[in-house]
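Hello,

Here is the structure I said I would pass on. My notes on some of its helices follow below.

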Amino acid sequence: DAQPGMLWRTAPPDSLQGVAVAQDMKTRGVRHVAVIYQVGPYGEGLAEVFQESFSDDFHTVDGYLFDNDASRDSAVSSAGETNVEEVFFISSELSDITKFLSGAGVNSNYDDKDFFLADGAADEQMMQQTSQVSELWLRIRGSRPAIPDGNVYKAFDTAYAAAYSVSADISVYTGYSFDAAWLAIYGTAWSARAGGPVTGVGIAQGLRKVSSGVEVEIRANSWNDVKATFAENRPIDVVGASGELDYDLETEETTTPIEIWTVNESGDGFDLCTTWCWDGQTPELCEGEIDRCLQDAE
């Protein structure tokens with residue numbers, strides 16, 4: 001508590017996603033993968049975790065780094081010339097993802113390859129912008145933090161749709177962003193309790209007080225309860241639109257499940273294949289889970 005971390009997020013760290021993707025590919029029998037990834041903490045970090053988790057005596061990864069349009073297109077061309085079974089494309093920019101698919105769609109070297117896309121592709125705009133190569137959609141598989149569910153999310157989605165005339169499901173991160181804003185406010189309440197100053201350290205200390213204690217759902221009418229509980233120096237157990245926000249106080253990270261998805265038959269949304277849950281550092285299929293997408297294919 002004396003030296004809390006200053007970076008907090010409601011979405012799970014990319015390290016969880018990278019391990020889950022590797023496990024998903026191994027489960028499906030994929031042995032040789034090309035990873036095309038964007039320069040920067042997101043692309044390089046996710047690619048590194050994936051490679052460490054996937055590579056062994058029986059599984060191989062070829063890496064292709066890009067930092068601009070020209071090097072991206074060169075990487076796509078080079079990966080296409082290899083005998084990999086699947087290409088894992090990582091970028092935080094939707095434009096990179098759509099240009100990758102558009103390029104692969106007219107390159108015959110990709111006719112026998114499957115595609116794996118990270119969470120940035122889990123957006124309806126991806127299909128809208130790649131309709132000219134829609135034949136690729138059936139070969140796309142992807143990952144993302146679990147889409148929120150539950151009463152708090154449903155109430156948020158209803159309010160969001162009333163305000164913007166579209167479901168919050170349009171982006172996987174909408175509910176996570178809502179929770180992040182409220183947690184910053186809750187942290188401020190902890191820092192300011194009993195008339196204290198609002199500081200970055202105080203807010204961060206407050207974020208260590210939201211994972212145990214009396215349950216509080218993130219709703220507008222919960223604000224007074226949060227302030228009153230914090231004024232008594234007691235913690236709260238927050239349930240947000242993105243689910244239960246249980247932070248590991250050693251890592252100060254959440255362990256949100258990771259979903260694996262495919263594009264649905266109509267090309268206007270996503271089908272959930274399966275969900276990976278966490279027990280320590282090892283992902284496993286959540287209890288009772290089967291891979292719906294593989295079962296449907298069979």
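The expected span of a helix is 1.5 Å times one less than its number of residues, and helices (H or I, at least four residues) are DSSP runs numbered from the N terminus. This is a predicted model, in which local features need pLDDT of at least 70 and side-chain atom pairs count only at pLDDT 80 or more, while totals for chains, interfaces and linings use all residues. Residues are numbered from 1 along each chain as its sequence is written, and side-chain values use heavy atoms, with hydrogens and water left out.

Helix 1 has 14 residues and reaches 20 Å from its first C-alpha to its last, close to the 20 Å expected. Its buried residues (under 20% relative accessible area, 1.4 Å probe, protein chains only) include Leu16, Val19, Ala20 and Asp24. After helix 1 comes glycine 29, with a positive phi near 85 degrees.

The axes (lines fitted to C-alpha atoms over the stretch in contact, with angles from 0 to 180 degrees between N-to-C directions) of helix 1 (residues 14-27) and helix 2 (residues 41-54) come within 8 Å and cross at roughly 40 degrees. Contact means heavy atoms within 4.5 Å. Among the residues that meet there are Val21 and Met25 in helix 1 and Leu46 and Phe50 in helix 2.

Helix 7 (residues 174-191) and helix 8 (residues 200-207) pack at about 110 degrees, with their axes 7 Å apart. The two are therefore roughly perpendicular (65 to 115 degrees). Residues in this contact include Leu183 and Trp190 from helix 7 and Ile203 and Leu207 from helix 8.

Regards

Technical notes. Parallel < 35°, antiparallel > 145°, perpendicular 65-115°, else oblique. Buried < 20%, exposed > 50% of the residue type's maximum accessible area, 1.4 Å probe, protein only.
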